[in-house]
Amino acid sequence: MKFVSIHDLLKQYLEEGRIKVDKSIHHELTTYHDPCNYARKSERAFGHGYYEEPRWVVQQCCEHFVDMYPNRANNYCCGAGGGAWASPYVEERIFYGRVKAKQIKDTGAKLLIAPCHNCRDQIMKSLRKEYDFMDVEVKYLWELVADSLIIEPREEAEEEE
Amino acid sequence: MEPLLLTKRERRKLASQYAELCLTCGTCAGGCPVTGVDGLDVRKVVRLAVLGLDQEVVDSKFPWVCTLCGRCEYACPMNIDLLKLLRSARSMRDRDKVPGVLHKGVEMCLKTGNNVGIPEEDFRYLLEDLAAELAEELPGFEVPIDRKGAKYLFTINSKEPFAEPEDMMFWWRILYAANESWTVASKNWEGVNWGLFTGDDAAMKEIVGRIVQNYKELECEYLVLPE
Ligand code: SF4
Ligand code: SF4
């Protein structure tokens with residue numbers, strides 16, 4: 001059985017030129033959230049943390065990038081991991097997220113990329129409101145790529161061949 | 001206060017073989033955003049476990065407000081398997097006392113193949129409908145359901161068909177642009193395994209097993225790991 005992570009897949013498409021993206025669409029300062037599962041926990045479980053691949057992908061699609069501090073293996077969880085997004089302990093989840101909120105605000109970024117459904121929902125739908133940074137846009141990593149695509153309609157591509 | 005009989009230690013289940021090595025240094029708790037919530041923190045959880053006070057940990061809400069983020073374990077100088085300990089505390093809860101909808105989601109997934117119970121016909125209809133919409137912009141686009149021999153098998157986070165169906169189009173656009181060979185299974189397509197969160201190993205295995213079965217039956221080359 002073979003697996004592939006979405007990070008490797010996106011990176012591969014870009015590297016091989018199978019998809020093309022336009023950086024100028026996302027010109028605002030952009031930061032990246034390391035989800036626990038893809039970053040630190042993947043490093044512990046499989047010996048490889050996805051730190052650099054998503055950063056590379058983000059920087060193919062964005063002109064200006066800044067890291068949060070701390071980041072990579074020492075990044076703080078968004079506060080909604082481990083099922084917390086679906087749990088009844090709402091107050092505790094928001095309290096947990098205060099650290100993430102500060103990290104994001106401290107970067108001054110206006111666009112945040114999160115490659116995880118939970119993290120994206122916690123930050124976009126909850127923390128932005130609770131900690132007052134509605135001016136920061138939140139996108140999935142694949143949403144960023146999809147929004148940056150220069151798509152050639154398929155018929156044309158086939159005619160060229 | 002009742003004296004604590006250390007004979008309790010003989011019956012402890014929670015403490016791993018490494019928990020004894022804890023230096024009580026507090027590095028773990030020092031970097032955890034929920035230290036102090038419910039009067040506990042991860043260092044104290046280790047202490048309780050080492051003393052055999054398993055039930056206090058199991059009954060507390062700490063293992064559930066903890067997000068199993070692993071920051072504590074990553075920092076621990078003694079390499080203690082804190083995540084295993086915290087997750088075991090979740091496993092030891094009676095299933096009807098698992099907070100919120102998590103366990104119901106697990107049961108729903110076992111019964112219907114996804115955490116929110118979307119029937120197969122509705123799922124197919126939704127995908128076909130959305131695909132037709134996208135095809136207006138991207139000529140020839142379709143969502144290949146149960147496509148045998150596809151290179152990549154994708155699972156789906158049930159949140160999307162349930163509440164944010166248009167978000168599925170992000171990946172669809174990318175796959176169209178890359179002219180990729182991919183597929184989605186019509187059954188057991190759930191990509192979110194809540195058994196992982198509730199500490200339910202049996203359910204987790206069953207759910208993973210069904211995805212593996214899809215992968216084999218559809219003769220795909222790769223399974224795309226869900227986020
Ligand atoms: S960091 Fe490790 S050794 Fe230190 S208190 Fe926590 S579990 Fe014990
Ligand atoms: S895994 Fe739990 S206890 Fe450890 S740092 Fe994360 S939230 Fe805190």
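Student: Where does ligand 2 lie?

Tutor: Ligand 2 sits between chains A and B of a predicted model, where local features need pLDDT of at least 70, side-chain atom pairs count only at pLDDT 80 or more, and totals for chains, interfaces and linings use all residues. Residues are numbered from 1 along each chain as its sequence is written, chains are lettered from A and ligands numbered from 1 in the order in which they are written, and side-chain values use heavy atoms, without hydrogens and water.

Student: Which residues surround ligand 2?

Tutor: A residue is near a molecule if one of its heavy atoms lies within 4 Å of it. Here the shell includes A:Tyr96, B:Cys32, B:Cys66, B:Cys69 and B:Cys72. It divides into 9 nonpolar, 2 polar and 1 charged. Nonpolar means Ala, Val, Leu, Ile, Met, Phe, Trp, Tyr, Cys and Pro; charged means Asp, Glu, Lys and Arg; the others, Gly among them, are polar.

Student: What area is buried between chain A and chain B?

Tutor: The size of an interface is often given as the accessible area lost when the parts come together. The loss is taken with a 1.4 Å probe and summed over both parts. For chains A and B, about 5,000 Å² is buried, and carbon and sulfur atoms give 62% of that. In chain A, A:Arg44, A:Tyr96 and A:Arg154 lose the most area to chain B, together 13% of what that side buries.

Student: How many salt bridges cross the interface of chain A and chain B?

Tutor: A salt bridge puts a side-chain nitrogen of Lys or Arg within 4 Å of a carboxyl oxygen of Asp or Glu. The rule finds 8 across this interface. B:Glu164 forms one with A:Arg120, with the closest N and O atoms 3.3 Å apart.

Definitions and conventions: Buried area = accessible area lost by both parts, 1.4 Å probe.
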